Amino acid sequence: MKSAQLFCSACDRQVRVMISEALAHDGQAILHDEEVVCLELGGHCNGNMCPIGAVAPREMVARIARNGLPTDGLRTVTALCPACGVDAEMVLYGSGKAACTLCATEARWVVDHIEPTA
C-alpha cells in the first residue's frame, strides 16, 4: 500500500489516505483496481458518498477492515453489531452513524446516557 495525502472537499483540507495495490494476474478472473482508503473518516462524512473514494462511508470502513488498516486514528466504540450479532469495533462518522469493522453494516449511534465517574 502507498501512503498519500489528498484534498477532501467534504472537510475542506488535506487528509491521509492509503492506496492499495492493484492485483496483477494473467488469468481471466475479474481484477480489482486500486482502492483509495481514507484514514480520517469522521464527523464531516455525513453524505452518501466519500468525495475521495467514491463510496459510502460504511464501504470506506469495509475497505479499512479488508486492507487490515488500524482504526486508532478514528473515533470508535465497541458495541454489539445489529447485523452480525458480535461485539465489534464500530467506526463513528457523520451525524450519529456507525459502521461495523467486521461486516460494514451501517447503524445509528445513539448515546442513551452518561454516568459520572466515582
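This is a predicted model: local features need pLDDT of at least 70, side-chain atom pairs count only at pLDDT 80 or more; totals for chains, interfaces and linings use all residues.
Residues are numbered from 1 along each chain as its sequence is written, and side-chain values use heavy atoms, with hydrogens and water left out.

Start with the sheet at the beginning of the chain. Helices (H or I, at least four residues) and strands (E, at least two) are DSSP runs, numbered from the N terminus. Two strands pair if DSSP finds at least two bridges between them. An open sheet of three strands has the order 1-2-3, and its pairing is antiparallel. Strand 1 and strand 3 are the edge strands, each pairing on one side only. On average, neighbouring strands of this sheet are turned by 40° against each other, direction ignored. For such angles, axes are lines fitted to C-alpha atoms, for helices over the stretch in contact, and angles run from 0 to 180 degrees between N-to-C directions. Seven bridges join strand 1 to strand 2. There, Ser 3 stands opposite Met 18 of strand 2. Strands of a sheet pair through backbone hydrogen bonds, either parallel or antiparallel.

Strand 4 (residues 76–80) runs antiparallel to strand 5, and five bridges join them. Leu 80 faces Asp 87 of strand 5 as its opposite residue. The hairpin of strand 4 and strand 5 has six residues between the strands, and Gly 85 takes a positive phi near 70° there. Strand 5 also runs antiparallel to strand 6 (residues 97–100), with four bridges. Met 90 has Cys 100 in strand 6 as its bridge partner. Three residues lie between strand 5 and strand 6 in their hairpin, where Gly 94 in the turn has a positive phi of about 55°. How well covered is strand 5 (residues 87–93)? Five of its seven residues are buried. Buried means under 20% relative accessible area, exposed over 50%, and partly exposed in between (1.4 Å probe, protein chains only).

Next come the charged side chains. A salt bridge is a side-chain nitrogen of Lys or Arg within 4 Å of a carboxyl oxygen of Asp or Glu. The structure holds six. One of them joins Glu 34 and Lys 2, with the closest N and O atoms 3.5 Å apart. Glu 34 sits in the loop between strand 2 (13–19) and strand 3 (36–38) and Lys 2 in strand 1 (residues 2–8), so this pair ties together parts 32 residues apart in sequence. Glu 34 is partly exposed at 44% relative accessibility. Lys 2 is partly exposed at 39%.

Glu 40 and Arg 16 form another salt bridge (3.4 Å, N to O). Glu 40 is in the loop between strand 3 and helix 1 (57–66), Arg 16 is in strand 2, and they are 24 residues apart. Glu 40 is buried, at 16% relative accessibility, whereas Arg 16 is partly exposed, at 38%.

Arg 66 and Glu 35 also meet in a salt bridge (2.8 Å, N to O). Arg 66 belongs to helix 1 and Glu 35 to the loop between strand 2 and strand 3, so the pair ties together parts 31 residues apart in sequence. Arg 66 is partly exposed at 49%; Glu 35 is buried at 18%. Salt bridges that share partners join Glu 35, Glu 59, Arg 63 and Arg 66 into one network.

What about the cysteines? A disulfide is a pair of cysteine sulfur atoms within 2.5 Å. A search of the whole structure finds zero disulfides. The sulfur of Cys 8 has its closest cysteine sulfur in Cys 11, 3.6 Å away, which is too far for a bond. Cys 8 is buried, at 5% relative accessibility. Cys 103 is in no disulfide either, its nearest cysteine sulfur being that of Cys 81, 3.6 Å away. Cys 103 is partly exposed, at 33%.

Finally, look inside. A nonpolar core is a set of buried Ala, Val, Leu, Ile, Met, Phe, Trp, Tyr and Cys residues joined through side-chain atoms within 4.5 Å. The largest has 23 residues, and Val 15, Leu 41, Ile 52, Met 60 and Leu 69 have the most contacts inside it. Strand 2, strand 3, helix 1 and strand 5 each give two or more residues to this core. Strand 2 gives the most, with four. Apart from this core lies another, of nine residues, among them Met 90, Leu 92, Cys 100 and Ala 107.
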